[in-house]
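Please examine the sequence and the structure shown below.

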Amino acid sequence: MIAKIEHPEKGSLTIDFQFFYDLARPLSASAQNPRAWHCGWPEMQPVRAGGFIGSVKMGSSVNFFNVSFNPHGHGTHTECLGHISAEQHSLRTCLSNFNGWARLHSFLPNPKNGQWQITADQLAPKLENWPSNTSLIIRTLPNEEEKISRNYSGSHPVFIEEEAMLLIRQANIPHLLIDTPSVDPEEDGGALLAHKAFWNYPDAPRFGASITELIYVPNAAPDGDYWLQLGVPAFELDAAPSRPLIYPVLSEDQ
């Protein structure tokens, strides 16, 4: 399906909804599943009740599995303000806009203060005159395919420094997507400075804004503008597994 959608800077742009890049890392009960925060493997087991086993391979007429996983530790997930707030807020109630323009930028992390991070001086030139209601997708470099199944636990992955996140909030970016387990350091004593800066918590919380972590942006996707579709289930929870899709622009009508 071909659609023309108005871009806040570039006028009417053409999108083919049959062609997209999938940014989600698959969830599986195997060593190929990414992990963070010292989580074990996801579990997918057939239901057993009396003589019933929910597996066609084991004689059932249907596959009927229980799944056990942690949204934050087992793959691509989207989280809302409820992730850091004392009050309970869920994705279903916080987010109402799951589609919109997004801009992809790739960054080689800065080894600032001995920690690999995305810094304000890297982001500032990219965020000048940021288009209204446009989300930001961050791809960290190098972008090895090994990221898809990496165990990040104890590896001190790349994060976003607080000053850089303040710039993101000031640009009024509604959705932030990144290919690391967290926008904050793996160990920060619970400070969560980047999360709090993004959601402006607790001063003036941004309820409709979201952070999506542990994406993987294929190398074939060039930096630039895309139409973003956040695939998020209606969980009554602060986070849920998600499947963000980005659709490239086919042409620009000037």
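Tyr 21 counts as buried because its relative accessibility is 15%, where buried means under 20% relative accessible area, exposed over 50% and partly exposed in between, with a 1.4 Å probe and protein chains only. Tyr 226 is likewise buried, at 2%. The model is predicted, and local features need pLDDT of at least 70, side-chain atom pairs count only at pLDDT 80 or more, and totals for chains, interfaces and linings use all residues. Residues are numbered from 1 along each chain as its sequence is written, and side-chain values use heavy atoms, with hydrogens and water left out.

The structure holds 7 aromatic pairs; rings of Phe, Tyr and Trp (its six-membered ring) pair if their centres lie within 6.5 Å, and planes under 30 degrees apart count as stacked, over 60 as edge-to-face and the rest as tilted. The ring centres of Tyr 21 and Tyr 226 are 6.2 Å apart and the planes meet at 80°, so this pair is edge-to-face. The pair links distant parts of the chain, since Tyr 21 belongs to strand 3 (residues 21–22) and Tyr 226 to strand 16 (residues 224–229), 205 residues apart; strands (E, at least two residues) are DSSP runs, numbered from the N terminus.

Phe 52 and Phe 64 also form an edge-to-face pair, with 6.1 Å from centre to centre and 65° between the planes. Phe 52 is partly exposed, at 31% relative accessibility, and Phe 64 is partly exposed at 46%. Elsewhere, Phe 17, Phe 20 and Tyr 247 form one aromatic cluster.

Charged side chains also meet rings. A charge sits over a ring if NZ of Lys or CZ of Arg is within 6 Å of the ring centre and within 35 degrees of the ring normal. Arg 35 lies over the face of Trp 41, 3.6 Å from the ring centre, and Arg 206 lies over the face of Phe 198, at 4.5 Å.

What is the volume of the largest pocket? It is about 270 Å³, a pocket being an open set of points on a 1 Å grid over the protein atoms alone, with protein on both sides within 12 Å along at least five of seven lines, and lining residues having an atom within 4 Å of a point. Of the 16 residues that line this pocket, the closest to its centre are Thr 140, Leu 141, Pro 142, Arg 150 and Val 158.

Methods
On a 1 Å grid over the protein atoms alone, a cavity is a set of points where a 1.4 Å probe fits but cannot get out, and a pocket is an open set with protein on both sides within 12 Å along at least five of seven lines; lining residues have an atom within 4 Å of a point. Grid points are joined across faces, edges and corners, and a volume is the space filled by probe spheres set on the points. Helices (H or I, at least four residues) and strands (E, at least two) are DSSP runs, numbered from the N terminus.
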